[in-house]
Amino acid sequence: MQETLHLAAAASTTNAAAAAPIPNPPSIFRPKHLHFPSPPPKNEIPLTISTPLSTPNPTKSSQLQEKLLYLDSLGIDSFYCLHVNPSLYSTLLSQVKSTVEFLYSLGLTTQDLRRIFPMCPEILTVPLSTTIIPATTFLLREALVDAGDLRHVIHRRPRLLMCCVDSQLRPSLYFLQGTIGIDDVSKCAPLLSCSVESKFIPRIEYLQKLGFSYKDTIAMFRRFPSLFCYSIKENFEPKFDYFVVEMGRELKELVVFPQYFSFSLENRIKPRHRMCVEKGVCLVLPTMLKSSEARFRDRLEVCCSSSMPVRNSALWCTNANTIGDNAT
């Protein structure tokens, strides 16, 4: 009986001990050498602390921006110049400024620059010392362009500043002086940028094909050197066809007055010729084309009037039945 009670008491003691919590659990359940930080609140962003970086050197992008801003400050369309001349990307701002200052020293104004740079943006990137300055020196010393006229020449034909003296400017000068016989080339200095082989000679040959003698052809270009600038297809062909077919004129009139090709076919030549036909008279080319509209109408009326002596009107008008008699 006593043994049974002893065993029962021992069993109850064992069960109670098993049911009670363990005051100090073994270290395997919470290692002392591991630390797990609690996660930050959902609405907070951890801050990253970094040391300040040193100021970098100007990049190509910033240098390009400086160039564009500089050109914009002059009133020049910088993005257009950059599009037409991509070399501007790599050209130093100091070179661009040196070119601008040099052009100012020649007498050009900011207004001039706003015209010449969009026309010829390559000027911004060609070397100043090896291209622009030699070309300018040639114009002044060999082509004998007056210093006071240099601004006008460059304004009209800025590409002159980009031309090589030995391969372009000097051969054109010798051709205009020697072959054409122009004494004062400074008056047609813009032509110096044209090529002898691709510009001058083809136009001379074309006029010869039309029936002009070589002597008369050279005389035409000597009288009116700007004739070299006109397109064969867009200018010479349509105007010459109208001159011969519709107007029924003789070639010798064009030899005397090659400026005919400088007038608009639709706005000047055709309307005035038709008015002459309606009145039954034929004005010589200079009288028909060079006069203002009011002056032209006055002369046309006077030429139709029988009150004016023939000896006074024959210098600039003839009867329709004698077309070309007084053209020379």
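Predicted model: local features only at pLDDT ≥ 70, side-chain atom pairs only at ≥ 80, totals over all residues.

Colleague: How many helices and strands does the protein chain have?

Modeller: Helices (H or I, at least four residues) and strands (E, at least two) are taken as DSSP runs, numbered from the N terminus. On that basis the protein chain has 16 helices and two strands.

Colleague: What share of the residues in the protein chain is buried?

Modeller: Buried means under 20% relative accessible area, exposed means over 50%, and partly exposed is in between, with a 1.4 Å probe and protein chains only. The protein chain has 328 residues, and the buried share is 38%.

Colleague: What share of the contacts joins residues 24 or more positions apart?

Modeller: A contact means heavy atoms within 4.5 Å. Counting contacts in the protein chain with a separation of 6 or more, the share from residues 24 or more positions apart is 63%.

Colleague: Are α6 and α8 roughly parallel or oblique to each other?

Modeller: Axes are lines fitted to C-alpha atoms, for helices over the stretch in contact, and angles run from 0 to 180 degrees between N-to-C directions. Angles under 35 degrees count as roughly parallel, over 145 as roughly antiparallel, 65 to 115 as roughly perpendicular and the rest as oblique. Helix α6 (residues 128-141) and helix α8 (residues 165-180) pack at about 15 degrees, with axes 11 Å apart. The two helices are therefore roughly parallel.

Colleague: Which residues of α8 does α6 meet?

Modeller: From α6 the contact uses Pro134, Ala135 and Phe138. By class (Ala, Val, Leu, Ile, Met, Phe, Trp, Tyr, Cys and Pro nonpolar; Asp, Glu, Lys and Arg charged; the others, Gly among them, polar), the contact has six nonpolar, no polar and one charged residues. The α8 partners are Val165, Leu169, Arg170 and Leu173.

Colleague: How many charged residues are in the contact of α5 with α7?

Modeller: Helix α5 (residues 110-119) packs on helix α7 (residues 147-156) at about 40 degrees, with axes 9 Å apart, which makes α5 oblique to α7. Asp112, Arg115, Ile116 and Met119 of α5 make the contact with Arg151, Ile154, His155 and Arg156 of α7. By class there are three nonpolar residues and one polar, and the charged residues number four.

Colleague: Which residues of α5 does α4 meet?

Modeller: The axes of α4 and α5 come within 10 Å and cross at roughly 125 degrees, so the two helices are oblique to each other. Val100, Leu103 and Tyr104 are the residues on the α4 side. Their partners in α5 are Thr110, Leu113, Ile116 and Phe117.

Colleague: Is Tyr104 buried or partly exposed?

Modeller: Tyr104 is in helix α4 (residues 93-105). Not counting residues up to four places away in sequence, Tyr104 touches Leu74, Thr109, Thr110 and Leu113. With a relative accessible area of 28%, Tyr104 is partly exposed.

Colleague: Which residues does Thr136 touch?

Modeller: Thr136 is in helix α6 and, at 3% relative accessibility, counts as buried. Leaving out residues up to four places away in sequence, Thr136 touches Phe102, Leu106, Leu150 and Leu161.

Colleague: How many disulfides does the whole structure have?

Modeller: A disulfide is a covalent bond between the sulfur atoms of two cysteines, and the search takes a pair of cysteine sulfur atoms within 2.5 Å. The sulfur of Cys81 is 10.0 Å from the closest cysteine sulfur, in Cys120, too far for a bond. The sulfur of Cys276 is likewise too far, at 6.9 Å from the closest cysteine sulfur, in Cys282. Over the whole structure, the number of disulfides found is zero.

Colleague: What is the relative accessible area of Cys276?

Modeller: Cys81 counts as buried, at 1% relative accessibility. Cys276 is also buried, and its relative accessible area is 3%.

Definitions and conventions: Residues numbered from 1 in each chain as written. Heavy atoms only, no water.
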